[in-house]
Structures are given as C-alpha cells and as structure tokens.
Amino acid sequence: MRRRGVTGPDFDEWVALRGDALLRLAYLLTGSPTDAEDVVQDVLVRALPRWDRIAAADDVDAYVRRMVVNAHTSWWRRWRKRETPVEEARGSGHVDPVEPRDDALWRACLALPADQRAAVVLRFYEDLTYAEIAALAGVREGTVRSRVSRGIATLRAQVETLVDVR
C-alpha cells in the first residue's frame, strides 16, 4: 500500500479538495446533515495523526472513504444501543440547514438497512465498482452485489407502490 519515496497530499489541502465529497457521502449514508458532519469530523480527527501513512496509500480517497463507511457503521451500532427514537422531540425547534428532501425515493432510501443503503450509495452515487465497494466495506464482492440488488429491489417496489397509488 505504500509508495516508496513518494509523499502524498498535504492534509489541509486534501481536506479542502475532498471534504465536501466526504460530507456528501456521509450524508447519504446517515440521512442527516448533522450526523454526517459528526462522522466526517470523527474520521478526520482520527486521520490527522496518521496522515503520513494514509497519504502514502495508493488511493488516499478510497482509504478515507472506507474510514467514513466504517465510522458510520460504528456510529450506527453505538447509536442503536443507546438511543431510543421517539415520534416527536419535545421543544425541538431545530431546522436542518440542508433543504429538506420530500421525494418518496429519498425516504425509501433512508428506510433501507444501513448495509444496503451504503452499498447502493457507493455504487450509484459514488460510482464505485462492486470490487471497490467490497474492498471499502471489507466484505466479498458477492455480498456487495446481493446488498445492491436487494436495496434496488426494495426501492423499485416502493416506487411502484407510489405510482399505483397515484
């Protein structure tokens, strides 16, 4: 994974170039702009002390994307164990800074299980190959294909249900 004698990009420059793409990826994985910011911040805080090693990787973008996917998975597991969602928060006057997405496809995507949503997002939003997604997620390529297939089938069924209702 290391390239001998070659130094990679400077951390600040790399974050300035790729930070928005990391936020978009995290947003698509989490479905929340604040959670996306938390995930990316956590990744960058962990990446900074190891930046020399990360910058020497063959594909810095893929390395950090994998960190985002892993951080989201870890965050989701921690959240699931300690948070109890309620229908409506009391006294919540919070308005998301990102324009709300009311389209049914986005709601259906958010309803997918986290592993399927990650696979669909990485495949169709990040335009990664199945092999690249498998490497990022640390699973076999067949598992990725299965997750994408199931996710797309669920999304397709949701859209067809909406079309039939209209």
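Leaving aside its neighbours within four places in sequence, with which residues is Ile-54 in contact? Select Ile-54 and display what surrounds it: Ala-47, Val-60, Tyr-63, Val-64 and Met-67 are in contact with Ile-54, contact meaning heavy atoms within 4.5 Å.

Before going on, note that this is a predicted model, in which local features need pLDDT of at least 70 and side-chain atom pairs count only at pLDDT 80 or more, whereas totals for chains, interfaces and linings use all residues. Residues are numbered from 1 along each chain as its sequence is written, and side-chain values use heavy atoms, with hydrogens and water left out.

Next, select Leu-22, Leu-29, Trp-51, Ile-54, Val-64, Val-68 and Leu-122, which touch the most other members of the 40-residue largest nonpolar core. Such a core is a set of buried Ala, Val, Leu, Ile, Met, Phe, Trp, Tyr and Cys residues joined through side-chain atoms within 4.5 Å, where buried means under 20% relative accessible area, exposed over 50% and partly exposed in between (1.4 Å probe, protein chains only). The largest share of this core, eight residues, comes from H1.

Then turn to the salt bridges (a side-chain nitrogen of Lys or Arg within 4 Å of a carboxyl oxygen of Asp or Glu), of which there are four by this rule. Select Asp-61 and Arg-18, whose closest N and O atoms are 3.3 Å apart; Asp-61 lies in helix H4 and Arg-18 in helix H1, so the pair ties together parts that are 43 residues apart in sequence.

Finally, select Asp-127, which takes a positive phi of about 60 degrees just after H6.

Terms used:
Helices (H or I, at least four residues) and strands (E, at least two) are DSSP runs, numbered from the N terminus.
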